[in-house]
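Me: I've just opened this one and would like a guided tour. Could you start with how you count things?

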Amino acid sequence: MKWETIFRRLLIFMGVVLVLIVVGILITLIKESIPSVKSSGFGFLWSKVWDPVQNIYGAYPFLIGTLLTSFIALLLSIPFSYAVSIYLGEYNPKGWLSNLLKNSIELIAAVPSIIYGFWGLFVLVPIIRQIETKIGVAPYGIGVLTASLVLAVMIIPYAASLGITLIRMVPSALKEGAYALGATRFEVIRSVVMPYTRTGLFAGVLLSLGRALGETMAVTMLIGNTPTLAHNFKDLIFGPSNTMASVIANEFTEADHEQYLSALVELGLVLFFVTVIINLIGKRIITRFTNN
Amino acid sequence: MDARIGIRNTKSMLFKGLIVFLAFLITLPLIVVLLYIIKQGVTQVNWHFLTHVPTPVGEPGGGIANALVGSLLMVGMASVVSIPVGILTGIYLSENPHTKLAYWSGLCVDVLQGVPSIVIGIVVYLWIVKPLGSFSAIAGSCALAIMMLPIVIRSTEQTLRLLPPSLKEAALSLGVPYHRVIIKVIVPCGFAGILSGIMLSVARIIGETAPLLFTALGNSYLSYAVTKPMESLPHVIYTYATSPYDDWHNLAWGASFILLMFVLILNITTKLITRKWNIQL
């Protein structure tokens, strides 16, 4: 056989390997969570008790914990990621200051999550504890709010770097038209730039959300890891909780029987589906946006 | 009329002020974290720290040699597998953008990029650790390799797509066989882009803890055996940071400092490469 043919086949083979890896991941996750699905059925996500000793597995507390931390983090991060996108996309797209800021934002994403977790545990937790004492809630220090704060910082780069690119793509003819009509800079941003990039910026927020849902280490170190769900609102926000990813991280090596392991794998499967779907929707929006 | 223009201009200025304030405010946590890690870590690091294994609680000294060796070994093994596979897949995707297989592989790259690292950990546990019956460095590097792949593939694909088609056409018209065109012309032209993708992916996986938790596990002794549990930098930080002992916390600060330096150096070098490359084009 000619080298050329071999090389072409090798390339095709690599493409197939990639598909096989992903399909393999999916099949493994589904196959290993069958025992858990059989015993808990669809109640898995809605029942509230997680007790491995009694072999009862309900993921509801972790579902709520995951959604709560991710959405608080998202809400906190959106103003910042939008501000960065607008500043670096519109006000200051060139020059050393712009480069410096852009590089520092990329650096936020580069710092390993374990380092954020470690720092949060020793610096942020005592600060939060003091604040909690002052405002009169139980001073845990660790908890949903602490985890969300750190998470918010960690996910900013994903929405921001996309936002910068998209805002720079707004045709200058549109903006100049608005300026010619006498619009101020704020009005141009509000009524030309933002409407033009709205769906794209939303896609960036989705990518951030995908990151937040699957983030493990920093959250595990800061959220307090309790299997029960708090009863009142205050404890829900300030008190310890748990997320799906951190349950897996904490309990996977302790899972000593098949049922337990399978329940944890099912958590992983849920996490896999949710993050993948969110990411794919985000990516689809971006492709559509950049192609137009 | 004048008053209204005044109000609108003020609004515009206030908005700009708010944007600038928020945009620069987010560098604050980064600076605080970096400075804190450097302050806490730099005093821990010396030759002894880099060449000795951790001591039991209460004994002075001790270092992170086992984690350093483990991290480098596992990242190295992961790179050996996923750099060639990633580059070849990237070439395939950029060369055949419209085939059905390319669509599905591209989709799979997107999926892999979005999968939480902890899920990769679970899967590799089920694939390798469970059948072999023991945690191992091989399993760890396999998980890292899977995390690395999408970054290498995407950067290769995007770099090669930017190359002008005339380059390939010129080489092909000289009668050069296809594989030699790719290896001798296309890849060298996109070398800087591919290299920066590789370095970014290494920077990303060297700090990954979650996929190693139930694959490589951890090991408080220096080990070169790839079928045995192995320590790694992020894992040593996790174990010692969550321990109740001050000695161990200090060890973890030192390890964080080393890890941070790795990541920073890799990222800055990547930036320099891409900048230089952009100027040449």
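Reply: Two residues are in contact if their C-beta atoms, placed from the backbone, lie within 7 Å. This is a predicted model, in which local features need pLDDT of at least 70 and side-chain atom pairs count only at pLDDT 80 or more, while totals for chains, interfaces and linings use all residues. Residues are numbered from 1 along each chain as its sequence is written, and chains are lettered from A and ligands numbered from 1 in the order in which they are written.

Me: Good. What share of the contacts in chain B with a separation of 6 or more comes from residues 24 or more positions apart?

Reply: In chain B that share is 73%. For chain A, residues 24 or more positions apart make up 76% of the contacts with a separation of 6 or more.

Me: How many helices and strands does chain B have?

Reply: Chain B has 13 helices and 0 strands. Helices here are DSSP runs of H or I with at least four residues, strands are runs of E with at least two, and both are numbered from the N terminus. The radius of gyration of chain B, taken over C-alpha atoms, is 24 Å, well over the 19 Å that the globule rule gives for 281 residues, so chain B is more spread out than a compact globule. That rule is 2.2 Å times the number of residues to the power 0.38. The C-alpha trace of chain B spans about 70 × 65 × 35 Å along its principal axes.

Me: And chain A, what's the pattern along the sequence?

Reply: Chain A reads α-β-β-α-α-α-α-α-α-α-α-α-α, with 11 helices and 2 strands. Its C-alpha trace spans about 75 × 70 × 30 Å along the principal axes. Of the 292 residues in chain A, 49% are buried, meaning that 20 or more other C-beta atoms, placed from the backbone, lie within 10 Å of a residue's own; 12 or fewer is exposed, and in between is partly exposed.

Me: Switching to the interface: how many residues does each chain put into the contact?

Reply: Chain A gives 65 residues and chain B gives 64 residues. On the chain A side, helix 1 (residues 3-40) supplies the largest share, 19 residues. That side of chain A splits into 48 nonpolar, 12 polar and 5 charged residues. Nonpolar here is Ala, Val, Leu, Ile, Met, Phe, Trp, Tyr, Cys and Pro, charged is Asp, Glu, Lys and Arg, and the others, Gly among them, are polar.

Me: What about packing inside chain A? How do helix 2 and helix 7 of chain A cross?

Reply: The axes of helix 2 (residues 60-91) and helix 7 (residues 185-214) of chain A come within 9 Å and cross at roughly 140°. That makes helix 2 of chain A oblique to helix 7 of chain A. Axes are lines fitted to C-alpha atoms, for helices over the stretch in contact, with angles from 0 to 180 degrees between N-to-C directions. Under 35 degrees is roughly parallel, over 145 roughly antiparallel, 65 to 115 roughly perpendicular, and the rest oblique.

Me: Which residues of helix 2 and helix 7 of chain A meet?

Reply: Among them are A:Ala73, A:Leu74 and A:Ile78 in helix 2 of chain A, and A:Leu201, A:Gly204 and A:Val205 in helix 7 of chain A. The residues of that contact divide into 12 nonpolar, 7 polar and 1 charged.

Me: Then what angle does helix 7 make with helix 11 of chain A?

Reply: Helix 7 and helix 11 (residues 258-291) of chain A pack at about 160°, with axes 8 Å apart. That makes helix 7 of chain A roughly antiparallel to helix 11 of chain A. The residues of this contact are 13 nonpolar, 7 polar and no charged.

Me: Last one: is B:Gly190 buried or exposed?

Reply: B:Gly190 is buried, with 26 C-beta neighbours inside 10 Å. B:Gly190 is in the loop between helix 9 and helix 10 (191-206) of chain B. Leaving out residues up to four places away in sequence, B:Gly190 touches B:Thr159, B:Leu160 and B:Leu163.
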